[in-house]
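Below are some notes on the sheet and the salt bridges of this model. Please read them alongside the coordinates.

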Amino acid sequence: MTVYAARRAVSSGPAEELQMRWALTTPDDRVRGMFFLGVLEVIRNSVGTEAAEECLACTGERRFVPFLMYPVAAFLHMSFRAASMLAPRKGGFDRAMRAIGAQATSDFLSSLVGRSFLMLAASDPRRLVTNLPSGYRTVVSYGERHVTWSGPSSGCLRVARDFMPHTYHEGVLQAVLEAIGTQCPMVHGKATGLLDCDYSLSWE
């Protein structure tokens, strides 16, 4: 998709953006069940059980197993619905989506695979960022991710064909840098297409 499409998504409301992203998914685009469970936990704790049940219903699934793979189309619907519910409590839709992304990091890092990922990073932000593409490959079946460096403590994660909004991944990346005690981590996403984004990462 073009930069124009990305700007159109940003300028449109969440419902229109959801439909634009959902329309580009295929049955082969899948994500681990742990992330669905994390969204349900956030909603249950912040909004209530009935709201969590509503989010579950919009996926068409009855339950989720943490390491099984499920359609990202369902995750899109759940995440956008959840962010809409959380928006009044988080200060807006974008902040709510960042919170959902941060929860995804927490769920991943508490898993066996996530703990191994942290061990490989060895509390080194640069090593952690270098390993981000392989980390993503363990939990989703779609997208391409590459890291380039602009300095000893700054670089860019370039992401292509990822269905989640850039605010979601800002939450993911901020939380994973904070998890290893990174000093003053900064993450900023810049959309280059509807499903493409460059994330600038830096720290002290």
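1. Two strands pair if DSSP finds at least two bridges between them; helices (H or I, at least four residues) and strands (E, at least two) are DSSP runs, numbered from the N terminus. In E6, Ser202 is the bridge partner of Ser154. Strands E4 (residues 154-160) and E6 (residues 196-202) pair in the antiparallel sense over 6 bridges.

2. The model is predicted: local features need pLDDT of at least 70, side-chain atom pairs count only at pLDDT 80 or more, and totals for chains, interfaces and linings use all residues. Residues are numbered from 1 along each chain as its sequence is written, and side-chain values use heavy atoms, with hydrogens and water left out.

3. The order E3-E4-E6-E5 describes an open sheet of 4 strands with antiparallel pairing. Its edge strands, E3 (144-151) and E5 (186-193), each pair on one side only.

4. The structure holds 6 salt bridges (a side-chain nitrogen of Lys or Arg within 4 Å of a carboxyl oxygen of Asp or Glu). One of them joins Asp29 and Arg161 at 2.8 Å, N to O. Asp29 lies in the loop between helix H2 (14-22) and strand E1 (30-32) and Arg161 in the loop between E4 and H10, so the pair ties together parts 132 residues apart in sequence.

5. Arg161 is partly exposed, at 32%.

6. A salt bridge also forms between Asp198 and Arg158, with the closest N and O atoms 3.0 Å apart. This pair links strand E6, which holds Asp198, to strand E4, which holds Arg158, 40 residues apart.

Conventions: Buried < 20%, exposed > 50% of the residue type's maximum accessible area, 1.4 Å probe, protein only.
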